[in-house]
Amino acid sequence: MAKRTAVVDLGSNSVRLVIFEKTSRFAFHIFAEYKRKVRLGENAYNNNKILQEESMQRTENTLAYFKDMAFKHKCAKMLIVGTSALRDAPNSADFIKRIKNNLGLNIKCIDGKRESYLGGLAALNLMSNIKNATTLDIGGGSSELCLIRNSKIEDCISLDIGTVRLKELFYDTNKMQELHAFLNDTIKLIPKHFKNDTLIAIGGSLRAISSSIMQKNSYPLKVLHEFKYSLADEKSHIKKIIDTDFNSLSDYGIKKERFDTIKEGALIFLNIAQALNVKDVLTSGVGVREGVYLNDILPPTKKFPHNFNPSVRSLQDRFLNKNDKTNIHIYCAKIFDKLSSLHGLSPSYKNLLINAAKLCNIGSYLSFYFANEHSTYFILNALNYNFSHEEKTLIAILIKLSGKKISPFLLEEYKELLPDVNIISWLNFMLATARLLSKNYSNKERVEFEYKNNVLYIYSKAYIDIAKDEFKKLALPNTSIVIVLNQKPN
């Protein structure tokens with residue numbers, strides 16, 4: 001299989017190249033990304049959907065550049081998918097043939113349902129705890145919805161409403177009355193079973209809206225993927241984006257490159273979200289491109305192996321020496337179980353503790369000094385998939401604390417994303433204990449843990465040589481627990 005794969009999403013408005021690098025069987029990360037606004041669908045929707053020569057030439061030039069970038073980055077495979085503008089155009093076959101003849105590239109034109117499925121596949125595999133939700137991907141020419149029930153893709157539809165399509169047919173010609181009638185008639189085509197409390201927002205327009213909301217609310221984590229908000233709380237803000245003067249969009253944190261289509265995107269989004277009775281919106285940083293890649297690498301089930309996280313494994317592959325594998329995560333799991341009657345934490349915290357243990361040493365790749373700080377940065381900025389913002393932040397804070405006493409000032413920046421300080425105290429203590437044990441005990445004999453009469457006993461067949469003072473330095477949770485080494489309980 002190709003270590004690096006180039007995926008090109010050829011949309012109505014922009015063309016994007018993403019290069020995925022595989023670090024092991026199913027683990028990967030985004031190695032590089034390029035985007036150009038070529039407007040393949042420009043002037044097509046008001047010209048019987050026919051692709052115009054100027055737009056086709058811009059697109060061909062961009063694909064030639066992307067081909068060079070894929071070659072430069074030594075990609076062994078290049079997958080190109082065309083969406084709405086291409087599938088709608090009567091001359092799409094001619095354009096596809098032109099690209100094949102001139103550039104030697106193969107474009108696969110996918111239908112709306114396939115586009116919807118690929119977006120849903122990416123969300124289902126790369127977002128945390130998706131059981132029931134409807135994805136919405138608003139593009140230049142169409143909008144795709146994918147229904148997820150019980151963590152499975154149940155249905156897919158595509159609607160002929162997109163930002164560029166609405167701009168050319170209605171906004172540019174000032175046919176606003178016809179616009180609302182068109183919107184209402186199209187949205188009525190959505191089957192009732194697509195209604196959902198949670199909507200997963202995919203695509204540039206919806207990410208721009210989420211970014212605007214994050215800025216307005218001074219949200220602490222500057223990561224769009226997995227950002228969640230209440231539609232009721234932000235509905236008035238989205239309406240302001242729709243109604244504001246074109247030149248005032250920057251006041252809402254909208255980038256200039258989005259000025260020409262953000263109003264159309266916000267209008268489509270709000271109307272569909274209301275029709276679906278949406279309560280919460282979950283922002284997705286992944287979509288069709290990731291779906292194309294996953295469809296290529298995943299097994300026939302189209303799911304990762306049980307308990308496998310591609311982001312965790314990719315960080316381990318890249319930033320941990322294969323000879324430096326530790327038992328920290330094993331020790332954490334055992335300590336968590338043995339002290340369960342004392343801390344009373346849910347199993348979900350055990351999983352987060354284990355992931356923190358797997359990643360706590362990745363910062364050493366950069367420098368031994370301030371390694372915990374480096375690890376924390378990696379977590380907040382590169383632990384990309386399958387973790388909510390709350391989960392990601394907690395993992396980062398645990399690694400940063402590294403057994404030290406918890407300062408309220410340290411937690412202040414992320415307090416709205418963190419659990420009760422007592423929970424953090426327990427997890428901090430367990431991770432620090434496991435790290436200390438792993439750092440000072442290299443013997444391969446099994447280490448056992450027992451808890452009895454407020455004492456945590458740690459013992460093995462081989463002598464564990466750790467000074468008692470080392471454990472005394474650890475910040476204890478609100479308990480009088482004592483650690484005893486090299487002794488079994490009576």
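Buried means under 20% relative accessible area, exposed over 50% and partly exposed in between (1.4 Å probe, protein chains only). Helices (H or I, at least four residues) and strands (E, at least two) are DSSP runs, numbered from the N terminus.

This is a predicted model, in which local features need pLDDT of at least 70 and side-chain atom pairs count only at pLDDT 80 or more, while totals for chains, interfaces and linings use all residues. Residues are numbered from 1 along each chain as its sequence is written, and side-chain values use heavy atoms, with hydrogens and water left out.

**Exercise 1.** Work out why helix α5 (residues 163–171) is largely enclosed by the rest of the structure.

*Solution.* Start with the buried residues of α5: Thr163, Val164, Arg165, Leu166, Lys167, Glu168 and Phe170. That is seven of the nine residues in the helix, so α5 is largely enclosed. Now look for the cover, which includes α2 (84–88), β6 (133–138), α6 (176–187), α7 (204–216) and α9 (262–275), where contact means heavy atoms within 4.5 Å.

**Exercise 2.** Describe the interface of domain 2 and domain 3.

*Solution.* First, locate the parts: an automatic or database assignment gives domain 2 as 113–290 and domain 3 as 310–485. Their contact takes 13 residues from domain 2 and 15 residues from domain 3.

Next, take the area. The two domains bury about 1100 Å² between them, 58% of it on carbon and sulfur atoms; this is accessible area (1.4 Å probe) lost on being put together, summed over both. Leu126, Pro220 and Leu221 supply 45% of what domain 2 buries against domain 3, more than any other three residues.
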